[in-house]
Amino acid sequence: MIGTVVNCGAIVVGTAVGVGVGHRMPERFKEILMQALGLSVLLVGLQMSLPTQMPLVAIGCLLAGAVAGEALRIEHWVAELGSWLKRKCGSESSTFVEGFVTSSILYVTGAMVVVGSIRDGSMNDPSTLYVKALLDGVASVALASSLGIGVIFSALSVLVIQGAITLLSSQLAVLQEPQVLAGLNATGGLLITAIGLNLMGVANIRIGNMIPGVAFGMIAGYFMI
């Protein structure tokens, strides 16, 4: 669990820095910072998804996941959780929920979440999560400077998701299979690409409702082993 703890700590510290300097930063700097972060996230997503050898499977899984997620209203309930946290904190930030939802999805969708958590739990090797912690910490500075304190609560999402995978890693060793990881990368990369587009203001994609597509991609990969 040490890797996940460090990751959560990096998000908290990054958010604190972003909130601390955000109010002193001119809006034009915040805007270009978010655009630069959006481009960076776009690059990461494309690097993950483009190498796939099963594009039709990835597309099918994403479509099925979008339908399932829309039916379950995942993003609505994540936003409701964000609203509840906002009320509990007494925050008046208009971007609190957006910060929580955007950062939570960004931090728990990538392949590093699964691979890093499994290595930490089964091999006592948190190095992958240390790298992820560095990336998430830097991203938190940029996100919090524009979206505010809501970003800090994405550390809870990371703690729950990564922590659960780490603790169950002995039963989830199958996730290290190349085809399973390929399915994760293909669909997860598409979602991360969508996050980049949202951060740049190019689109307003309900990414949270597409998250089941990642699970479908991994299941498809498993049956292709």
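Author: In helix α1, residues T4, N7, C8, I11 and V12 meet S154, A155, V158, L159, Q162, G163 and T166 of helix α8, where contact means heavy atoms within 4.5 Å. The residues of this contact divide into six nonpolar, six polar and no charged (Ala, Val, Leu, Ile, Met, Phe, Trp, Tyr, Cys and Pro count as nonpolar, Asp, Glu, Lys and Arg as charged, and the others, Gly among them, as polar). This is a predicted model, in which local features need pLDDT of at least 70 and side-chain atom pairs count only at pLDDT 80 or more, while totals for chains, interfaces and linings use all residues. Residues are numbered from 1 along each chain as its sequence is written, and side-chain values use heavy atoms, leaving out hydrogens and water.

Now the geometry of that pair. The axes of α1 (residues 2-22) and α8 (residues 154-167) come within 9 Å and cross at roughly 170°. That makes α1 roughly antiparallel to α8, a label for angles over 145 degrees, with under 35 counting as roughly parallel, 65 to 115 as roughly perpendicular and the rest as oblique. The axes are lines fitted to C-alpha atoms, for helices over the stretch in contact, and angles run from 0 to 180 degrees between N-to-C directions. Helices here are DSSP runs of H or I with at least four residues, and strands are runs of E with at least two, numbered from the N terminus.

Helix α3 (residues 55-72) is worth a look too. Its 18 residues should span 26 Å at 1.5 Å a residue, which agrees with the 25 Å between its end C-alpha atoms; the expected span is 1.5 Å times one less than the number of residues. A58, C61, L62, G65 and G69 are buried in α3. Seen down the axis of α3, these buried residues fall within an arc of 100°, so they line one face of the helix; the arc is that of the directions from the helix axis to the C-beta atoms. They pack against α4 (74-89), α9 (178-199) and α10 (212-223). On the other side of α3, L56, L63, V67 and A71 are exposed (buried means under 20% relative accessible area, exposed over 50%, partly exposed in between, with a 1.4 Å probe and protein chains only).

R73 has a positive phi of about 55° although it is not a glycine, and is partly exposed, with a relative accessible area of 42%.
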